[in-house]
Amino acid sequence: MTIPDDLMYARSHEWIKIEGDSVSVGISHYAQDQLGEVVYVELPEVGTAFAVGDELGTLESVKAVSEFLAPVAGEVLEVNTRLEDEPNLVNDDSYGDGWLVRLSGSAEGEELLDAAGYKEFLEQESA
Amino acid sequence: MHPWVGAGPEDRRQILSELGLQSIDDLFASIPSGVCVDGIDLPPARDEDWIRRTLGNMASTNISMDSIPCFLGAGVYRHVQPSVVDAVLSRAEFFTSYTPYQPEISQGTLQVIFEFQTLISRLTGLDTANASLYDGATSLVEAVLFSHRVLRGKRNLVVVAETIHPMYRRVLDTYTEAAGIDVAVVAPGDDGRLDPEAILEIAGDRACCIAVQSPNFLGIVEDLPVLAAAAHDSGALAVEVVTEAVSLGLLAGGGRFGFDVVCGEAQSFGVAPGFGGPHLGFFACASKHLRQMPGRLAGETVDENGSRAFCLTLSTREQHIRRAKATSNICTNQGLMALAATVWLETIGGSGLRELATSCLARTEELKRRLTAVGDPWRLAYPQSPTFNEFLLIGPGSGTELVERLASEGVLAGVPTTDWSGSWPDGVLAAVTERNPVTDLDALVNALEKLS
């Protein structure tokens, strides 16, 4: 179970990567493992604004459909259109090519976890 | 109470008292008295043979579609019924099985669904078709809700042609009211056809879809390419609904003219007309919108030995996975009727369907010519507009009166539009199929001449 140090994590299992004044968002390795093989990703429209905790989109796997939430507030700047044809990237490279959306906004003031905090959170969850 | 022995008098008394009712008739009190039949006086109990004989004699006084010349249509059509259709349908493997919950074990069912989808896809000119829906009216509803989803709920208006079957529009109203979607109705022009300018004006930039029927409720063929362009000019999806599926044997499906959805009723394909159904809805769309399509989808694959096999590509998403996030409440399909349509179409064949449709058109044109020759007080409501196998006939009286009078002359002339008023005259919708021999046409013409 990989948890890169350079990312921040939400308790709903999204990761964010701060890139200047925007952030990219994906789901953690743990989350994709729990979901199983992803077969469809429903992404938001570019330009839509979201508050923290809003549903950004859905991930459909062979065994479940779950939503992914906005870990920070912001507007959608870009979505990963490669996922339309290759939803499995979410499984194969959850921290890289399997990214979901890029949002304007920052992580400042949000209740996010660092890698160590997220690891601890996962341990508590499974305990 | 014993599970398979009927309730006795004491059981009934107990049930009624529990329900706070006096008699069994009280259970049916909500049925409007107008639809109840009076004057059938039956004794409380008789032996089975007496019941069969007496009720059979009573039933034989009904006039059926097959007993006298019949031109009923308006959404339900009488076409040839090769006996192979019912023979396959009544196979226990198909007839008694419910929707496959372990789908891949039912390879026969999946193959039928796959072939049905393929046939619908080819007829509609769109690359994806689902496993079927309940009926044409709900297929229209699904097409509207589909369009609303594809445009992400941002456009809350649906523009529907007034010339979509009035019953379909009523079902649509029921759903859209609950879903909070507005419906605007666009009336046809003087020729019974839609004017794209009128559509654009009503749609503005608020419509998620423009829904039209062709051939329309009046039997008239619409100018599909122009209507698809109008829908797209307004930023909406173009939806075509078809109520007479046999027309697709001659008229290309809307998919070939840019329609985003072609849906409708496939009862004409091997499902005999019946009181209240069953019917058979179909739904086809462009594969880019596949994920927003309602219902299920069977696919072709290979098994572990590399042999051709079929699988349920999309289905469990509604029933088992998506649940509250489902695209529609349709979890299953109209399996047995889809089988009927598949066997029917495969029996008739591609060129056979074209011949069948051509013969419907030719007989209709012949009847129109002969009715025009009868002349005053009879006339065609839209003599200049192209039709397929149905048209509106005007005569001396309301449609209901005309149908009654022609029935007493021994002809079921069609469906009156009296109770389905709109931007069209009150008359009789007459449908002609390959099941109407020339003697039927003679009978109708003679009856009209008598009533002139």
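This is a predicted model: local features need pLDDT of at least 70, side-chain atom pairs count only at pLDDT 80 or more; totals for chains, interfaces and linings use all residues.
**View 1. Strands β2(A) and β3(A) pair in the antiparallel sense.** Strands are DSSP runs (E, at least two residues), numbered from the N terminus. Two strands pair if DSSP finds at least two bridges between them. Here β2(A), residues 14–19, and β3(A) share six bridges. Two residues lie between the strands of this hairpin. Gly20(A) takes a positive phi near 65° there.

**View 2. β3(A) also pairs with β9(A).** The sense is again antiparallel, over four bridges. β9(A) spans residues 101–104. Ser24(A) stands opposite Arg102(A) of β9(A).

**View 3. Ile27(A) is buried in β3(A).** The strand covers residues 22–27. Ile27(A) counts as buried because it has 27 C-beta neighbours inside 10 Å; the cut-off is 20 or more other C-beta atoms within 10 Å, with C-beta atoms placed from the backbone. Beyond four places in sequence, its contacts include Trp15(A), Phe68(A) and Val90(A). Contact means C-beta atoms, placed from the backbone, within 7 Å. The C-alpha atoms of Ile27(A) and Glu111(A) are 17 Å apart, with 84 residues separating the two along the chain.

**View 4. Confidence in the complex.** The predictor gives an ipTM of 0.72 and a pTM of 0.87. Chain B averages a pLDDT (the predictor's confidence in each residue, from 0 to 100) of 93. In that chain, 96% of the residues score at least 70.

How values were computed
Residues are numbered from 1 along each chain as its sequence is written. Chains are lettered from A and ligands numbered from 1 in the order in which they are written. A residue is buried if 20 or more other C-beta atoms lie within 10 Å of its own, exposed if 12 or fewer, and partly exposed in between; C-beta atoms are placed from the backbone. Two residues are in contact if their C-beta atoms, placed from the backbone, lie within 7 Å.
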